[in-house]
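Biologist: I have a model open on my screen and I'd like to learn how to read it. Could we go through it one feature at a time?

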Amino acid sequence: SIHEDTIFSPILMFHGTKDRTVFCEQSVALFRKLKDCGKDASLTLVRGADHGSCIFWSDKVLKVVAAFFHRCMPE
């Protein structure tokens, strides 16, 4: 379970809204719990993506990943 005193590195999550393997509501619930505990967490819901869809390699998604790394690991 997640608590305020649990130590986490920044967390970046993506989840497809059409995922039939793991429902995106599970990622939303995890994200909300992390934020409620004051953790650095980001969640991007990818509209129309199924589990492991190639859309996760789109320019839009890769820009989110790049921005996350630049924020978390500045030069």
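This is a predicted model: local features need pLDDT of at least 70, side-chain atom pairs count only at pLDDT 80 or more; totals for chains, interfaces and linings use all residues.

Biologist: Where does histidine 15 lie?

Modeller: Histidine 15 is part of strand β1, which covers residues 11-16.

Biologist: And what does histidine 15 touch, leaving out residues up to four places away in sequence?

Modeller: Quite a list: Val22, Phe23, Cys24, Ser27, Leu43, Thr44, Leu45, Val46 and Phe56. Then look at the polar atoms. The histidine 15 side chain reaches the backbone oxygen of valine 22 at 2.7 Å. There is also a polar contact of 3.2 Å between the side chains of histidine 15 and aspartate 19.

Biologist: Let's follow that to the partner, then. Is aspartate 19 buried or exposed?

Modeller: Buried, because its relative accessibility is 8%. Aspartate 19 sits in the loop between β1 and α1.

Biologist: Which backbone atoms does the side chain of aspartate 19 reach?

Modeller: One is the backbone nitrogen of threonine 21, at 2.7 Å. Another is the backbone nitrogen of valine 22, at 2.9 Å.

Modeller: Setting aside residues up to four places away in sequence, aspartate 19 touches Ala49, Asp50 and His51. Aspartate 19 and serine 53 are 34 residues apart along the chain, and their C-alpha atoms are separated by 8.9 Å.

Biologist: Back to the contacts of histidine 15, where Ser27 was listed. Where is serine 27 placed?

Modeller: Serine 27 is in helix α1, residues 24-36. Serine 27 counts as buried, because its relative accessibility is 12%. Its contacts, leaving aside neighbours within four places in sequence, are Met13, His15 and Leu43.

Biologist: What about methionine 13?

Modeller: Methionine 13 lies in strand β1. Methionine 13 is buried too, because its relative accessibility is 11%. With residues up to four places away not counted, methionine 13 touches Ser27, Leu30, Phe31, Leu34, Ser42, Leu43 and Thr44. Try the distance check here as well: methionine 13 and serine 42 are 29 residues apart along the chain, with C-alpha atoms separated by 6.0 Å.

Biologist: Which residues does alanine 41 touch?

Modeller: Alanine 41 touches Ile11, Phe31, Leu34 and Lys35, again without residues up to four places away in sequence.

Biologist: Can we try a residue in the other helix?

Modeller: Take valine 64, found in helix α2, residues 59-72. Valine 64 is partly exposed, because its relative accessible area is 29%. Beyond four places in sequence, valine 64 touches Leu12, Phe14 and Thr44. Valine 64 and serine 42 are 22 residues apart in sequence and 9.7 Å apart in space, C-alpha to C-alpha.

Biologist: Now zoom out for me. What pattern does the protein follow along the sequence?

Modeller: The pattern reads β-α-β-α, from two helices and two strands. The C-alpha atoms fill a box of roughly 35 × 35 × 15 Å along the principal axes.

Biologist: What share of the contacts joins residues at least 24 apart?

Modeller: Among contacts between residues at least 6 apart in sequence, 66% join residues at least 24 apart.

Biologist: And how do I read the surface?

Modeller: Look at burial, area and charge. Buried residues make up 24% of the 75 residues. The protein exposes about 5600 Å², and carbon and sulfur atoms supply 58% of that area. For charge, there are 10 positive and 9 negative side chains, and the centres of the two sets lie 6 Å apart.

Note on methods
Residues are numbered from 1 along each chain as its sequence is written. Side-chain values use heavy atoms; hydrogens and water are left out. Contact means heavy atoms within 4.5 Å. Helices (H or I, at least four residues) and strands (E, at least two) are DSSP runs, numbered from the N terminus. Buried means under 20% relative accessible area, exposed over 50%, partly exposed in between (1.4 Å probe, protein chains only). Accessible areas come from the Shrake-Rupley method with a 1.4 Å probe; for residues, only the protein chains shown count as cover. Lys and Arg count as positive and Asp and Glu as negative; His and the chain ends are not counted. The place of a charge is taken as NZ of Lys, CZ of Arg, CG of Asp or CD of Glu. A polar contact is a pair of N or O atoms within 3.5 Å; within protein, one must be able to donate a hydrogen and the other to accept it, and residues adjacent in sequence count only if both atoms are side-chain atoms.
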